[in-house]
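Hello,

Here is the structure we talked about. Please open it before you read my notes below.

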Amino acid sequence: MVDPTKVTPEQQQQEEPEEKEPPKLQQFYNNLRHKANILLDDARFLTLMTTLTIFALYGDDVKLSFFSPEAIGAFNSVYVFCLFCFCFELFLSCIGKIGYFPNFYFWLDLISTLSLIPDSGVIDLDDLFPDAEAGATTGTDAIKAGRASKAARATRVIRLVRLVRMVRIVKLYKMHAGDEEEVVNDKVEIEPTKVGKKLNEMTTRKLILMILTTIIVLPLLGPDFWEVKNAETDFAGFMLSQIHNMPNGTSEDLMKHHINSYATAYNSSDPRTISSTNVDLVYMKICELPALPTDATTCQSNWDQNSYYEWIKESTGMTLPYNTMEEVESHFRNSALYYEKVRICTTADSNEDDAQCSEVAFDKTANIVTGSLMNMIKTTLVMIILIWANLSFGKDAQNLVLTPIEKMIALITMLSTNPMASTSKKKKQQDEEVDIEHMKMKDEGYETMLLESTLMKIGSLLQIGFGAAGAAIIGKNMGTGELNPMVPGKMITSIYGFCDIRNFTDTTECLQEEVMVYVNTIGGIVHDCTNSYYGMANKNVGDAFLLSWKICDDLLPGFNAFEDCPDEETRLRSSETVHCTVTGAGHKTRNITPTELADSALAAFLKCLIDLDNANTDGGLTPYLSYPKVVKRFGDKFRIKMGFGMHVGWAIEGAIGSSYKIDATYMSPHVEMSDRLEAGSKIFGVPINISHWLVALLSPPARKFLRPMDKIMVEGCPVPMTVYTFDVLQFPVNFCTAVMEEDGETQVAVDFENDPQFANLQKGLHPAFLDTARNAVECYLAGEWEEARNIMTHALIQKPQDGPILRLLGIMQDQQWTCPPDFPGYTVMDGY
């Protein structure tokens with residue numbers, strides 16, 4: 001076999017495919033991206049962009065606070081330079097940073113860059129809000145004031161948008177901090193974790209969104225955007241002063257014109273109003289100056305209040321409901337009332353409170369209602385932002401850090417309480433979205449996901465390495481306290497299965513380095529069948545495998561010692577008092593009786609026997625049958641076979657070894673008995689040998705398929721043991737595949753009585769053979785050898801070359817077909 005690592009340079013050059021050069025356009029783009037990243041990461045470029053960002057934040061306020069209007073041109077030039085640099089950086093980032101476009105920070109950079117346009121002087125806000133049309137006939141000054149108010153409001157919005165530029169400071173800081181390596185006190189460099197980077201990025205992004213939402217939306221809900229503005233209130237006082245200062249004797253038409261204009265300007269239902277809010281005129285009193293200034297303490301007017309109330313009604317359709325300020329104040333809260341007052345000229349010694357005045361009152365109730373609604377909306381918005389921030393930040397930490405840690409703790413707790421529980425994730429339908437999200441995080445290489453996955457693998461490796469016998473070691477050491485693998489042993493009662501690969505020594509010489517794969521392929525068949533029917537792999541000894549089906553802790557009465565003579569009553573009593581918790585091929589645990597567990601163990605070994613034969617025909621073992629050295633040694637008819645021995649009894653479950661190396665296993669003469677039964681399969685010439693103690697634990701329908709082969713006395717066993725076998729003539733594909741109930745997670749019990757699969761295994765066997773063989777053995781053990789000889793001869797006609805029958809015939813022939821006088825009713829087998 002050629003070592004692939006020993007390849008000459010010439011061969012390597014010939015074997016390596018020529019790398020295709022990337023297209024010229026792709027190569028050009030890669031070079032451009034590399035150069036863009038170099039420039040973006042350059043310290044001088046970062047310093048320049050940071051300086052320009054700070055200027056973009058404070059430049060406008062510095063201009064207004066410390067510089068004269070002549071400096072506007074210079075500031076605009078700097079803003080134009082900032083706009084160019086920001087656009088250039090945006091272009092470089094789109095090229096150099098993978099995933100930048102259209103990412104979150106791309107849109108923030110774009111908005112902050114566009115917000116520089118008004119500051120640069122490229123667009124004038126006055127152009128966006130032009131004056132009133134030249135042909136306006138009324139309220140020209142009022143309309144101009146309203147336009148100025150709207151322009152001022154737009155300016156405030158632009159200033160809010162400028163706050164987005166603050167994000168650039170955060171981004172530039174992250175870019176600079178990301179290039180620095182984190183160093184601890186002992187000067188050991190630590191690479192930032194992916195989880196930390198992701199959590200930091202998500203937190204920063206959401207914090208930016210929360211702050212931007214707050215600083216942009218909340219001012220829009222504030223009083224500056226819906227209350228009466230200074231320009232409007234100043235205009236109200238200015239117009240009232242103009243009317244007030246009109247001398248007594250002014251013509252009716254002129255007076256009517258001014259009063260109607262005033263009323264129109266403050267009528268929320270009139271489209272000509274200058275007010276951007278719902279402010280209505282509800283009261284007016286005009287006190288004109290006297291014609292002679294010497295009489296400055298007397299209010300004189302040619303028109304009474306009713307007169308100009310009628311003018312207002314005729315012109316605007318608006319009815320002023322109140323005649324005195326006392327009536328107004330009695331109908332409105334102070335917060336809902338706004339008024340203007342202009343006093344007449346008073347003498348130096350006159351009391352200002354007694355002076356006559358012109359006054360108007362406005363209804364701000366609609367503003368109060370709007371303000372209250374805005375406050376409720378603002379309060380609700382703040383609550384939503386806080387709740388969103390709390391849930392969002394908590395969710396990120398939960399998904400990236402806390403949930404993986406909780407799963408690790410849950411896994412450790414599970415292994416400490418149930419060491420053999422499955423560590424694999426078996427999720428329900430509603431958890432699929434969570435699984436997808438976790439798989440994405442795992443694919444991105446987050447350390448918490450990696451740690452969780454590694455811990456699950458460690459748990460699985462512990463279960464595989466220690467097996468069922470090491471469950472107590474895993475459980476006690478996964479909890480608190482120091483490591484102590486040398487835990488005390490524990491007595492259990494279990495079913496033991498031992499199986500051995502035939503011709504293993506010769507096969508090993510033929511396969512050489514391939515023998516490991518060969519053994520593991522067979523081991524995979526054995527372990528899979530065992531696990532599907534509630535068993536556990538315990539020990540792998542080269543060519544042999546020890547399997548176990550644990551019944552219970554401590555002793556099972558009637559089935560734990562060689563001296564026990566279990567009967568049907570004993571079996572039924574054990575099924576009523578003991579239940580085994582198993583899972584098998586399903587996902588849900590079941591509580592089954594010792595009898596069902598025994599039936600399942602028998603079904604598992606039958607499945608091993610049949611699957612092994614099928615693997616020889618068309619499966620994983622086929623390549624080894626055609627291996628040249630195997631064919632040369634065994635011929636082209638060679639098939640890989642195994643022997644099986646099964647027994648039940650007590651054992652000590654625990655660890656053997658030291659703190660350097662331990663093996664978790666079972667120690668007991670009953671474990672050894674399963675090994676001896678497997679070895680006896682070579683003597684009896686059948687693959688499966690079962691002790692009578694385990695047969696007594698099987699269900700009656702399962703026993704119907706078995707037949708005794710002999711009653712033997714072996715060394716180490718104080719009482720004779722009857723050995724049974726299951727005759728298998730058919731080897732169907734997919735035999736005894738585990739079946740689930742309707743829920744798809746609970747395994748269906750083995751049923752030897754109603755499941756035709758087991759009867760089909762003996763299809764082709766003479767219907768009377770099992771009874772004939774039972775009678776032959778019974779006569780042999782009773783010392784009636786002549787009768788036994790006749791029955792066995794007839795049995796060979798029913799099943800020629802039957803190993804157990806030929807063996808008994810050989811024993812009797814050695815004794816000249818005569819039963820010895822001291823025959824004890826069993827066969828003594830030395831060296832068994």
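Is Tyr79 buried or exposed? Tyr79 is buried, because its relative accessibility is 0%. Buried means under 20% relative accessible area, exposed means over 50%, and partly exposed lies in between (1.4 Å probe, protein chains only).

Two notes on the source. This is a predicted model, where local features need pLDDT of at least 70, side-chain atom pairs count only at pLDDT 80 or more, and totals for chains, interfaces and linings use all residues. Residues are numbered from 1 along each chain as its sequence is written, and side-chain values use heavy atoms, with hydrogens and water left out.

Now the rings. The whole structure holds 20 aromatic pairs. Rings of Phe, Tyr and Trp (its six-membered ring) pair if their centres lie within 6.5 Å; planes under 30 degrees apart are stacked, over 60 edge-to-face, and the rest tilted. Phe55 and Tyr79 make a tilted pair, 5.0 Å centre to centre with 45° between the planes. They sit 24 residues apart, Phe55 in helix H3 (residues 43-66) and Tyr79 in helix H4 (residues 72-96). Helices are DSSP runs (H or I, at least four residues), numbered from the N terminus.

Phe735 and Phe758 form an edge-to-face pair: 5.8 Å centre to centre, 90° between the planes. Both are buried. Ring pairs also link them with Phe705, Phe726 and Phe752 into a cluster.

Last, Ser460. Ser460 lies in helix H17 (residues 447-466). Ser460 is partly exposed, because its relative accessible area is 25%. Leu415 is 45 residues from Ser460 in sequence and 9.9 Å away in space, C-alpha to C-alpha.

Best wishes

Key. Helix = DSSP H or I, 4+ residues; strand = E, 2+ residues; numbered from the N terminus.
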